[in-house]
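Please read it beside the sequence and the model.

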Amino acid sequence: QVKSGSSPAAPGSGMTEAQVEVAAAKEVPTLAAKTCRWLQNPGTQVFFGVVVGLAAGITLAEVHPHENVIKVLSFPGKLWLKALTCVVLPMIICGMIQSMVMMRELPGARSVAFWVIGLYGFTTVVAAVEGTAVSKFLLTSSIQPLSPADLKVITPDVAKISTLDTILNIFDQLVPKNVVGDAAQNRLISVIMMSILVGLLIPTTRADGRRSSTLELVDEINEVVTKVIKFLIFLSPAGVCSLVLAGSARFNLNDMGTAIVALLGAVLASLGMHIFLFCPTLLAIGARRNPVKYFKNCLPPMLTALGASSSAASLPLNIEVAIEKNGLSPHVAKFTLNLGATINMDGTGMYLICSTMCIALLQGIPMGPGDLAVLCLMATLCSMGTAPVPSASLVLLATLLSTMNIPVTETFGLITAIDWLLDRLRTCVNVYGDACVAAVVDRRAGGTALENNEKEDFTCLSA
């Protein structure tokens with residue numbers, strides 16, 4: 001006799017019908033809830049935006065639509081990018097002032113600054129060495145020199161600056177002449193230096209003991225900027241989709257020769273080595289974090305960089321992810337990431353080296369060990385002075401070619417033809433490199449405080 005509520009289910013199930021119904025009722029909502037959470041994740045939404053934009057753009061490229069069609073489809077993305085770029089300046093100013101005020105009250109603030117500068121310099125040098133090694137290995141065996149009749153010296157449509165001017169320009173930007181003019185010209189290093197000085201020198205309290213009215217104003221402006229940024233981040237899937245669509249619509253496989261394919265492969269290999277080998281190692285050793293989890297959390301700003309092709313445009317989302325998802329200290333995240341968006345260009349350094357090697361090999365110019373060392377050093381210095389805006393590195397590429405005594409021929413046009421794609425990919429590496437350095441600096445800042453308290457608790461520092 002079977003008791004009430006325990007009627008047997010189908011033969012061989014091992015469960016009663018009531019138990020089957022309860023289990024089914026539990027499974028469906030759980031699966032649906034997980035799916036909803038996955039779809040609501042900003043990274044998932046931006047990823048779908050990239051996929052849809054890429055598929056639509058490549059499809060349009062095959063049918064050769066009128067230019068006006070691409071302009072209309074890319075217009076929403078341009079508006080979104082303009083709005084996002086607009087809030088970068090007030091966000092950097094407020095963030096740096098707040099970070100400096102907070103760091104003044106913390107022990108070991110000077111060591112944090114040294115860690116930031118040292119790590120950014122170290123990662124940029126490593127990236128340059130990676131780019132040199134990969135391009136030497138892949139491009140030398142893949143690219144054949146063109147005949148002299150096919151080469152014609154041209155003047156690229158970019159501004160020319162000498163090697164000395166390139167190096168001096170990095171230090172020249174440290175002293176602002178006109179902060180408003182520098183901000184309008186995307187010379188953000190000057191703006192950051194001014195913000196750092198204000199944050200270090202401004203009194204935190206008034207004579208009556210109340211908080212400084214200037215700092216209260218900065219806090220209120222930062223609150224407004226944060227609300228605007230959150231709204232723009234909500235629109236990021238549509239904006240990224242529109243930008244990727246416009247860029248991929250120019251993609252034409254028939255126009256890509258062997259040299260361009262080899263260059264694309266070398267850049268991808270260099271970027272992949274840096275983002276999937278070096279950065280995880282840096283996170284695991286320097287920050288004691290799970291590289292897989294950290295990479296997953298950083299996908300939204302990286303995908304935004306892929307669509308916007310600008311480190312500055314992805315900076316708001318990168319800071320938000322660093323604080324809310326990766327649990328970094330707000331003052332460390334803002335200081336490190338704001339500074340990294342202007343001086344830490346790992347992907348740009350690798351791109352410059354691979355492009356210079358490609359143009360040299362196409363013209364039959366050999367690159368010896370001494371030339372590679374000079375190229376590595378110059379690419380490191382040039383990348384640190386690159387403005388965080390789309391295609392800014394084309395100017396530096398012309399400078400590198402002049403430095404290495406490589407004529408600027410029509411082969412320069414081959415680089416510009418795919419620069420829109422490589423620019424997006426190297427920007428992703430730039431953004432993720434900033435995030436990794438921020439994690440290491442945050443760990444070191446916490447480690448210093450723990451050592452001062454004579455105890456270590458690494459569990460709170462791990463992912």
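**Notes on side-chain contacts and exposure**

1. C358 is buried, at 1% relative accessibility; buried stands for under 20% relative accessible area, exposed for over 50% and partly exposed for what lies in between, with a 1.4 Å probe and protein chains only. The model is a predicted one, in which local features need pLDDT of at least 70 and side-chain atom pairs count only at pLDDT 80 or more, while totals for chains, interfaces and linings use all residues. Residues are numbered from 1 along each chain as its sequence is written, and side-chain values use heavy atoms, with hydrogens and water left out.

2. How many disulfides does the structure hold? The number is 0, a disulfide being a pair of cysteine sulfur atoms within 2.5 Å. For C358, the closest cysteine sulfur is that of C354, at 9.1 Å, which is too far for a bond. C428 is also buried, with a relative accessible area of 12%.

3. The aromatic pairs number 3; the rule takes rings of Phe, Tyr and Trp (its six-membered ring) whose centres lie within 6.5 Å, and calls planes under 30 degrees apart stacked, over 60 edge-to-face and the rest tilted. One of these joins F276 and F295, and because the planes stand at 50°, with the ring centres 5.8 Å apart, the pair is tilted. F276 belongs to helix 11 (residues 258-287) and F295 to helix 12 (residues 291-297), so this contact ties together parts that are 19 residues apart in sequence. Helices here are DSSP runs of H or I with at least four residues, strands are runs of E with at least two, and both are numbered from the N terminus. F276 is exposed at 53% relative accessibility, whereas F295 is partly exposed at 22%.

4. F295 also pairs with Y432: the ring centres are 5.3 Å apart and the planes at 80°, so the arrangement is edge-to-face. This pair links distant parts of the chain, with F295 in helix 12 and Y432 in helix 19 (residues 411-452), 137 residues apart. Y432 is buried, with a relative accessible area of 1%.

5. The charged end of R426 sits over the ring of Y351, 3.8 Å from its centre (the criterion is NZ of Lys or CZ of Arg within 6 Å of the ring centre and within 35 degrees of the ring normal).

6. The count of salt bridges comes to 4. Among them is R211 with D219, whose closest N and O atoms are 3.1 Å apart; R211 is partly exposed at 37%, as is D219 at 27%. Another is E223 with K227, at 3.9 Å between the closest N and O atoms. Both residues lie in helix 9 (residues 213-234), 4 residues apart, about one turn of the helix. E223 is partly exposed at 45%, and K227 is exposed at 56%.

Conventions: A salt bridge is a side-chain nitrogen of Lys or Arg within 4 Å of a carboxyl oxygen of Asp or Glu.
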